[in-house]
Amino acid sequence: MTREGDRQLEGSTRERLLDAAERLFAETGYRRASVRSITAAAGCNVASVNYHFGGKAGLYREVLRRRLGAMRERRLAALAAARPDDLAGTLAAFADAFLAPLQEGAEGRLTLQLIAREMADPQLPPGLFRDQLVVPVSQALAAAMAAAAPHLPERTVRLCVQSFVGQLLHVVHAHQFAAIKAAAPLPPPAVAELAAHIVRFTVAAVERLHEEARRGAARDPRPNREGKA
């Protein structure tokens, strides 16, 4: 086999391990998913986990890093594609990206299961989840909101971001709870209706707060954000 062929085989083995591990970690959790069961599902030998990832913990980190990266890029792309002056459109696009796993059938359920298991039984190094997903997405969402409502103080923007994301997380948790208790997740129309309501609610709140901040700035023109009067 040529050197190029060796590289392709190694890449294929690595991807098969990641795919098999993601499914088993999501279905059974980190502790119950053995290296032997993962390599059997991937059609690889047991030593391949150490070779490619340095062990089970390294494989788990890479599985989560890959999944968190995909979630991050989807949300950032939604924000980047929106018009800066269209707050409703920006929030709607972000909500669609955030709630996409609820609409994606088996793959979406896999994503939600994997994240839920990490939340219930953390295995990632401290800060990895935050740095890979929470911080970059929150910063981009705050920047988009600030662009649409330039008179809002930074602290108010952060609070609005936390409120908006918290409401979206509630939809995710409600979806998971319904699936567990009623053996049927929230149907797509219900998810879409909730998302639209959250967007309308948040837009109304931000616009009201922005108008109050604008009036306050007109009365007292001291800066409320760096570079803003």
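**Burial, crossing and core in a predicted model**

User: Why is Thr-13 called buried?

Analyst: Its relative accessibility is 13%. Buried means under 20% relative accessible area (exposed is over 50%, partly exposed in between; 1.4 Å probe, protein chains only). Therefore Thr-13 counts as buried. This is a predicted model, where local features need pLDDT of at least 70, side-chain atom pairs count only at pLDDT 80 or more, and totals for chains, interfaces and linings use all residues. Side-chain values use heavy atoms, without hydrogens and water, and residues are numbered from 1 along each chain as its sequence is written.

User: What is Thr-13 in contact with, leaving aside neighbours within four places in sequence?

Analyst: Cys-44, Ser-48 and His-52. Contact means heavy atoms within 4.5 Å. Thr-13 itself lies in helix α1 (residues 3-28); helices are DSSP runs of H or I, at least four residues, numbered from the N terminus.

User: Which residues touch the most other members of the largest nonpolar core?

Analyst: Phe-25, Ile-38, Leu-59, Phe-94, Leu-99 and Phe-164, out of 59 residues. Helix α7 (residues 128-148) gives the most to this core, with nine residues. Such a core is a set of buried Ala, Val, Leu, Ile, Met, Phe, Trp, Tyr and Cys residues joined through side-chain atoms within 4.5 Å.

Notes:
Helix = DSSP H or I, 4+ residues; strand = E, 2+ residues; numbered from the N terminus.
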